[in-house]
Amino acid sequence: MNRPPARYAVVGNPINHSKSPLIHSLFAQQTGEALAYEALLATAEGFEGLAGEFFREGGSGLNVTVPFKQAAWAMCRRLTPDAARSRAANTLEVREGELSGANTDGIGFVRDLRDNLGIEIGGRRVLLLGAGGAVRGVVPALEEESPASITVWNRTAERAVELARDFGGSLAAASVEELRGRQFDLIVNGTSSSLQGGLPEVDAAWLASGCCCYDLVYGDKDTPFVRWALDNGAATAADGLGMLVEQAAESFRIWRGVTPNARPIIRQLRG
Ligand code: NAP
């Protein structure tokens with residue numbers, strides 16, 4: 001008798017918009033792996049119960065998205081170094097009876113910048129806008145690339161200060177006033193302001209010659225941040241679709257032991 005395919009899911013709120021089921025089914029086709037992947041909606045109170053039930057019922061792996069990555073981190077008995085350092089987990093599985101969490105956002109981010117877009121990070125002055133779960137997720141992988149500096153600005157200044165403290169001084173928080181007169185080689189928008197059709201506080205004077213800009217948010221057309229960057233002379237500006245596919249590819253590798261080729265899937269999703 002044929003065994004049912006291994007079961008995977010992404011859990012978040014909202015979840016209808018998620019491209020993860022499509023991306024993982026394209027990975028499964030590409031690699032010949034047999035699996036089922038669905039989207040699950042959870043409430044703040046219900047997340048932990050839903051995740052526990054998923055694994056008790058034989059689920060093989062769970063992706064976790066906004067706003068539950070920190071709750072997922074707190075549930076895990078085992079964490080990869082990236083998940084431990086970022087205090088957020090987006091890839092869960094049960095290993096030797098214990099819930100284990102990884103964070104693949106940082107790897108996805110760096111692979112898209114460095115390998116797909118050819119953007120150098122080493123030796124560059126990096127400005128991160130935002131201090132939420134996504135920024136926490138990318139910092140460990142960013143640090144590994146040895147940028148010259150990492151500066152973080154956030155609308156709620158205390159969260160930027162807390163982030164800098166949690167990462168042990170490898171990055172510095174700055175207010176808009178403190179950013180006056182400074183320039184950066186890579187500016188990353190890790191705020192969700194593009195989703196609301198707007199921009200965080202930005203200043204074209206921050207763009208050094210050859211500056212690259214990257215928005216973690218993605219959409220069918222240029223995000224407001226990508227448009228702003230191009231209108232103000234950035235050398236490159238990209239949205240986060242490539243990161244989304246690359247972080248999913250790393251989750252797939254963790255679960256299945258096979259690394260899908262993300263590039264044709266990114267091209268296919270861009271249409
Ligand atoms: P989050 O934890 O809710 O944090 C949201 C961040 O955005 C906070 O820093 C918040 O500032 C800031 N913000 C929200 N609205 C703003 C506005 N109007 N002006 C300025 N700042 C604003 O969310 P997250 O998990 O970090 O996710 C952030 C974005 O990254 C989301 O849009 C998500 O879709 C995207 N993302 C993409 C990928 C990918 O693979 N491409 C992966 C992860 C996340 P305050 O602290 O002041 O509220």
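The predicted model holds 17 salt bridges. Side chains of opposite charge can pair when their charged atoms come close.

The chain is divided into two domains. Domain 1 is built from two segments, 6-103 and 243-270. Domain 2 covers 106-239. The C-alpha centres of the two domains lie 24 Å apart. Domain 1 brings 15 residues to the contact, and domain 2 brings 20 residues.

The size of an interface is often given as the accessible area lost when the parts come together. Between domain 1 and domain 2, the buried area is about 1,700 Å². Carbon and sulfur atoms give 50% of this area. On the side of domain 1, three residues stand out: Arg-85, Met-243 and Glu-246. Together they supply 37% of the area that domain 1 buries against domain 2, more than any other three residues.

Charged and polar pairs also cross this interface. Three salt bridges are found between domain 1 and domain 2. Arg-85 also takes part in a salt bridge: its side chain meets that of Glu-143 at 2.8 Å, N to O. Eight residue pairs are in polar contact between the two domains.

Several helices build the side of domain 1 that touches domain 2. Helix H4 (81-86), helix H10 (241-256) and helix H11 (262-270) each supply at least two residues. The largest share comes from H10, with five residues. By class, this side of domain 1 has eight charged residues, four polar residues and three nonpolar residues.

The model also contains a ligand, surrounded by 25 residues. The closest are Ala-134, Asn-154, Thr-156, Arg-159 and Leu-216. A polar side-chain atom of Arg-155 lies 2.9 Å from a ligand oxygen atom. Gln-196 places a polar side-chain atom 3.0 Å from a nitrogen atom of the ligand. Leu-216 uses its backbone instead: one of its polar backbone atoms is 2.9 Å from a ligand nitrogen atom.

Notes:
Residues numbered from 1 in each chain as written. Predicted model: local features only at pLDDT ≥ 70, side-chain atom pairs only at ≥ 80, totals over all residues. Heavy atoms only, no water. Domains from an automatic or database assignment. Contact = heavy atoms within 4.5 Å. Buried area = accessible area lost by both parts, 1.4 Å probe. Salt bridge = Lys/Arg side-chain N within 4 Å of Asp/Glu carboxyl O. Polar contact = N/O pair within 3.5 Å; in protein donor to acceptor, adjacent residues only side chain to side chain. Helix = DSSP H or I, 4+ residues; strand = E, 2+ residues; numbered from the N terminus. Nonpolar A, V, L, I, M, F, W, Y, C, P; charged D, E, K, R; others polar. Near = heavy atom within 4 Å.
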